[in-house]
Amino acid sequence: MYKYFKLSEFDSPDQPGSGEMMEHEVVQALDIARDIYGFPIIVTSGFRSVAHNKAIGGSRKSSHLLGYAVDIAVPNSRRRFLLMEALLDAGFTRFGIGEDFIHVDMDPQKDPNVIWTV
């Protein structure tokens, strides 16, 4: 279904098969971003069950709960820049920047064109 990803990569750790609940447009945009980026994209968090989200201290309004968000590992600042560029080109408009990851989402209930630090 997707060129670079299996939906199981987006599973909540406590709910096998839950990656199926990811929004198609999000995974499709990640496929496009991966083509542009030229390096593997390692998903560290995709869909989250309510229990898992609570256990890790996630927001009660987390876009991960709806399948609209993904956290992606980044090994260094150069790759962070290249990944950000690819994600923007692929259509993502919401970004959270962490020390070793980037959060992206396409939640239609939240304001677009924002970047924050986590």
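Colleague: Does V118 count as buried or exposed, and why?

Modeller: This is a predicted model, so the answer is a computed one. Exposed means over 50% relative accessible area. V118 has 56% relative accessibility, so V118 counts as exposed.

Colleague: Where does V118 lie?

Modeller: Look for the segment after β5. That strand covers 114–117, and V118 lies in the segment that follows.

Colleague: Which residues does V118 touch, leaving out those up to four places away in sequence?

Modeller: A contact means heavy atoms within 4.5 Å. With those sequence neighbours set aside, V118 touches G96, I97, G98 and F101.

Colleague: How many residues separate V118 and R78 in sequence, and what is their C-alpha to C-alpha distance?

Modeller: The two are 40 residues apart in sequence. In space, 19 Å lies between their C-alpha atoms.

Colleague: Now the whole fold. How many helices and strands does the protein have?

Modeller: Three helices and five strands. Follow the sequence and the pattern reads α-β-α-β-α-β-β-β. The radius of gyration is 13 Å, close to the 13 Å from the globule rule for 118 residues, so the protein is as compact as a globular protein of that length.

Colleague: What does the C-alpha trace span along its principal axes?

Modeller: About 35 × 30 × 25 Å.

Colleague: What share of the residues counts as buried?

Modeller: Of the 118 residues, 45%.

Colleague: What part of the contacts joins residues 24 or more positions apart?

Modeller: Take the contacts with a separation of 6 or more. Residues 24 or more positions apart account for 55% of them.

Colleague: How far apart are the mean positions of the positive and negative charges?

Modeller: They are 5 Å apart, with 12 positive and 16 negative charges in the protein.

Colleague: Which residues of α1 are buried?

Modeller: Start with the general idea. An α-helix has 3.6 residues a turn, so residues three or four places apart point the same way. In α1, the buried residues are V26, V27, A29, L30, D31, A33, R34 and Y37.

Colleague: What covers them?

Modeller: The cover includes β2 (69–73) and α3 (77–89).

Colleague: Which residue follows α1?

Modeller: G38. Check its backbone: the phi of G38 is positive, near 85°.

Conventions: Residues are numbered from 1 along each chain as its sequence is written. This is a predicted model: local features need pLDDT of at least 70, side-chain atom pairs count only at pLDDT 80 or more; totals for chains, interfaces and linings use all residues. Side-chain values use heavy atoms; hydrogens and water are left out. Helices (H or I, at least four residues) and strands (E, at least two) are DSSP runs, numbered from the N terminus. The radius of gyration is taken over C-alpha atoms; the globule rule is 2.2 Å times the number of residues to the power 0.38. Buried means under 20% relative accessible area, exposed over 50%, partly exposed in between (1.4 Å probe, protein chains only). Lys and Arg count as positive and Asp and Glu as negative; His and the chain ends are not counted. The place of a charge is taken as NZ of Lys, CZ of Arg, CG of Asp or CD of Glu.
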